[in-house]
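Here is a briefing for a first look at a protein chain. Keep the sequence and the 3D view open as you read.

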Amino acid sequence: MEAFAASAARFPDRVAVMCGTRSVTYADLDRWSDRLAADLAGSTEANGRPIGILLERSVEMVVAALAVLKAGAFFLPLDPTAPMTRNAVILEDAAPPVVVTSRSLASRLPEGLSCCLVEESEDDRDAPAFVPGTLAPDDRAYIIFTSGTTGRPKGVEVSHRNVLRLFSTTLPLFEFTEDDVWTVFHSFAFDFSVWEIWGALLHGGCAVVVPDEVAKDPVSFRQLLDERKVTILSQTPSAFQQLLAEDSRHGGHVPLRLVVFGGEALRFAELEPWTDKYGTAVPALVNMYGITETTVHTSYHHVTTADVARSESVIGRPLPDLDMFLVDQNLRHVRPGETGEIVVVGPGVSLGYRGLPELTAQRFVTLEDYNGDPVRGYRSGDLARMRPDGLLVFCGRADSQVKIRGFRIELDEVETALMRHPVIRQAAASVRESRDGSSMLVAHVVPRADAVPDIGILREFLAELLPHYMIPSVVGVLDELPLTGNGKLDRAALPEVARPSSPPSTTGTGTPRSGNEAVLCELFAEALERDAFGPDDDFFAWGGHSLLAIALQRRVRTAFQDQKYPSLPLSQLYRTPSPAGIAQWLEQSHTEPEPLPTWREGETLPLFRQQSDKLIRHVLDPDDLTDHCAMGWRVEGEVDTDVLARAVSHVHDRHEALRARYRLESEAVVEPADTPAPDVVLLQAATEDAAHTALREAMGRPFDLEQGEIWRVVLVTVGAGRAHLLSVVVHHIASDGWSEPILAADLSAVYEALRVGGRPEGPPAPGLRQMAEVQLAPRDSGVWEEQCTHWKSELAEIPSLDFPYPASGGLSSAPRCQRSSLPEYLMQRVEEQARRHGTTPFTVLLTAYGRALSELTGASDFGVGTPVALRGDIRVESAVSCLIDVLCIRMRFSTEVPEIDDLRRVAGTVRRAFAAQDVPFSEVVQLANPPRGTRPPLFQNMFALQNNAIPDLHLAGARTEFFRPLPFGLPTELVTEVRPEAGGGAELSVSYRPDRVDGAFARALGNAFVAHIEKLTSS
């Protein structure tokens, strides 16, 4: 309290706390908290006792915390969104004499518990001044209840000394000042809020309390950061990903100087889009490991660009006044480099658990320091190891406690709640990785004899006992739980729980009743990674959680933003969490209804092969730019932009694939439509470098395949207007390398015709139905079985290929590309060698490429992917569409075999692969059944000879030169392409994902490839 009083005396007129449109100065905060403290001291014996605080995120919340401390008590924060039964358990254990609350929340407290209404202290302006009592440093400041191993939450008691030293030891590290603006983003019942509130108030800064609805809406939250000029932001990594995704849509920078991560393990690679934009200096990014029992934060690590390239979760070094020992199960120090349990020692270690002396003795232990002297420490249950540079790396949990989205969860508490249900005999909870890489809470239950648990009812039962973040996303039913040899639960042996791909509707019909319902059912299914979703199905009952809710909110906003519907608030999703409920809200809120387009029965057509895979990738991550296929031209001369726009519209109407809608129903389908042609995006730039930057930014926006946004055209005028950069970017689902020259030729012909006042002519382009008919052509069952047998045998137990160099970037980063030239003489030698051996230039180049990979990686057996065009039928020869698939070529090499023998063997392998190309790659994967993991199956690299015609664009009155923009994404970890050029040589490009392939390796591969071409073609 003395530290706060010093701030109030020094900065009486500065704003201390803000929330929404309300704010209070330090002087006002001091007086208001005095009045409330007087009420508390006068109504009960508060000194040395806990006082509960049940308030929404608000200015009053901070006033109440301050008042409780002034009254000589310590505060007990309660979460108003938690189930009443959980708060009742906490109140029973803590036994506060009174709870500070509001009129609207008082009814959520157990009967008979004394309340103090915060509104009354605000109104009592004439109350006499209150003189706070004397507090000792070791008096309790607060008690926070965390998940408990016994199935019951446990209260951690933290002293004033614990909190004061947290800021005295971090002040030299982060240089807090009165000019800092802190967000209070987290729940008051989460100890991160202690850092956020008192970090501001003890240094004269401003604490901006983030309203719940703003905290859950990245658009509004980023706006708040800008408007309030926030300088210090604290985030769990999961929450920061939502902000990062929103920030990437803005060119400007938020005014932060410091971002502190905590609450869960940080995956550094996910920060790459942020560091690409901001760097790591301003704002500084700091990863802080901490535990409630050790007063919020324990260690710190300033994130560097090099960290973003690594897969380790570095938690750094202990705070200056703490130490972190790594010990074995007997509390003996492990050797450097070995993994051990973290024991935190020093003045941050809290007082212990309220009313639980045995548990306190188990977790708050005495052990020897490095000098052999006894010290008190907290046994965290977290594992770490120390790198040679002295930095600690987080290695997971040693017990059943986990963190999901920043919330600490004891699996035992979840299991205890499950077994309280009358039909459940046993239960086990575990954490699994979902398809998006995030952590997901999963439960397995064993029912009592002859009982059949209703999972929906079970989830409703849990909602009465547990907060939302502790309710499992999916629940599986087992006959028995797996056990280890000594009779303990074997969590590792718990089977995967498959989410139902088509959940039954909980009420009503499973068929959408309107166009809006149908769209929303698709959006809900996409967000929950399901094949289908009923209009009356409950989002949260089928695995939805807060972060998925935010993702779904973004999808709904995007889908309906152009139809004059209001923007969906997240709160509405919680009130009516079904497609039907949201559809009803949209209709009732729609002031200017517009008719939805209708289509004739049976017009949707199935998608095939790679198109289906590309749609699924888009649905799972609409922001993924892997399938952006871009062409570019430098233009010198006049461009008639009106004529260009009309030419784009004509080409759009001509090619059905460009104006269709692609969506995921029970299968991947395409719907022929008459979607509007894209506008030509017209931009200006002072220099060509600036023009390239503007061009890439405009091309790099995601497409909306479901709404028929498939392609776009961008024209950037440089300087005075005679020089331009023109680009056409098409989603790969509707285009391929074969399509590029067709599209360029069509644009050229139409532009020329329209420019002279003529009418574009030419035969109609192949339609979607024709392409479907070609791909649905009857197949010979005997040939099909033969091809399937080939793939099953050829790719059995194919090893994955590991690249030996360390990574230098993150998975989310744009791919890197290194380009060089293959001289004309070398390409001529390739063709001559191919003729000599009765094979193709592709096979010669593939052999040299495979030899180079084998030499650099030391691998003698691996797969190489290569694209194959599906253009054998003349009906689709002139189609703009994605008519390709992928083949896996298995490469086997031996250093004892001459390269010319390698060429003969590879030629045979290639022939057999192309002979079996009728089997789609997705089915080949199923036949080969490789081990599944985070890396692409069967092959981790691709090689292609891109010998399609160069897409020449002719604009009458101007000179054009084609260029290939850098790729926006890659289908695998490494892609090597050879593109023949008009002069007889070729361009060699080695594109790579920096998290898997280092730039040095890419350079070495390019050089080795050229060397092996020389060697292979010289014999």
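**A cavity and its lining**

The second largest cavity is lined by Leu605, Pro606, Leu607, Phe608, Gln611, Val670, Leu768, Met771, Ala772, Gln775, Ser881 and Leu883. A cavity is a set of points on a 1 Å grid, over the protein atoms alone, where a 1.4 Å probe fits but cannot get out; lining residues have an atom within 4 Å of a point. This is a predicted model, where local features need pLDDT of at least 70 and side-chain atom pairs count only at pLDDT 80 or more, while totals for chains, interfaces and linings use all residues. Residues are numbered from 1 along each chain as its sequence is written, and side-chain values use heavy atoms, with hydrogens and water left out.

**More on the cavities**

- The second largest cavity has a volume of about 80 Å³. Volume here is the space filled by probe spheres set on the points, with grid points joined across faces, edges and corners.
- The count comes to 4 cavities of 30 Å³ or more.
- Strand 27 and helix 24 (768-775) each supply at least two residues of the lining of the second largest cavity. Helices (H or I, at least four residues) and strands (E, at least two) are DSSP runs, numbered from the N terminus.
- Helix 24 gives the most to this lining, with 4 residues.

**The chain as a whole**

- The chain has 30 helices and 40 strands.
- Of its 1019 residues, 56% are buried. Buried means under 20% relative accessible area, exposed means over 50%, and partly exposed is in between (1.4 Å probe, protein chains only).
- Take the contacts in the chain with a separation of 6 or more: residues 24 or more positions apart account for 72% of them. Contact means heavy atoms within 4.5 Å.

- Strands of a sheet pair through backbone hydrogen bonds, either parallel or antiparallel.
- Here 3 strands form an open sheet in the order 27-30-29, and the pairing is antiparallel. Two strands pair if DSSP finds at least two bridges between them.
- Strand 27 (605-606) and strand 29 (661-664) are the edge strands, and each pairs on one side only.
- Strand 27 pairs with strand 30 (residues 668-671) over 2 bridges, in the antiparallel sense.
- Leu605 stands opposite Val670 in strand 30. Both Leu605 and Val670 also line the second largest cavity.
- Helix 20 (residues 609-620) packs on this sheet and touches strand 29 and strand 30. The direction of helix 20 makes about 75° with that of strand 29. Axes are lines fitted to C-alpha atoms, for helices over the stretch in contact, and angles run from 0 to 180 degrees between N-to-C directions.

- Another open sheet has 3 strands in the order 24-25-26, with mixed pairing.
- Strand 24 and strand 26 stand at the edges with a single partner strand each, so one side of each has no neighbour in the sheet.
- Neighbouring strands of this sheet are turned by 25° against each other on average, direction ignored.
- Helix 14 (residues 411-419) packs on the sheet, touching strand 24 and strand 25. The direction of helix 14 makes about 145° with that of strand 24.
- Strand 24 (residues 424-433) pairs with strand 25 in the antiparallel sense, over 9 bridges.
- Ile424 has Pro447 as its bridge partner in strand 25, and Ala428 stands opposite His444 in strand 25.
- Strand 25 and strand 26 (residues 474-477) run parallel and are joined by 4 bridges. In this pairing, His444 stands opposite Gly476.
- Strand 25 (residues 439-447) is mostly covered, with 8 of its 9 residues buried.

**The nonpolar core**

- The largest nonpolar core has 84 residues, and Leu40, Val100, Trp195, Trp198 and Leu201 touch the most other members. Helix 3 (residues 59-70) gives this core its largest share, 10 residues.
- A nonpolar core is a set of buried Ala, Val, Leu, Ile, Met, Phe, Trp, Tyr and Cys residues joined through side-chain atoms within 4.5 Å.
- Not counting residues up to four places away in sequence, Leu40 touches Ala46, Ile51, Ala67, Val68, Ala71, Val98, Val100 and Cys116.

- Ala744 is found in helix 23 (residues 739-755). Ala744 counts as buried because its relative accessibility is 1%.
- Ala744 touches Trp633, Pro951, Asp952 and Leu953, not counting residues up to four places away in sequence.
- Ala744 and Asp952 are 208 residues apart along the chain, yet their C-alpha atoms are separated by 6.1 Å.
- Thr909 lies in helix 28 (residues 899-915). Thr909 counts as buried because its relative accessibility is 9%.

Definitions and conventions:
1 Å grid on protein atoms, 1.4 Å probe; cavity = no way out; pocket = protein on both sides within 12 Å on 5 of 7 lines; lining within 4 Å.
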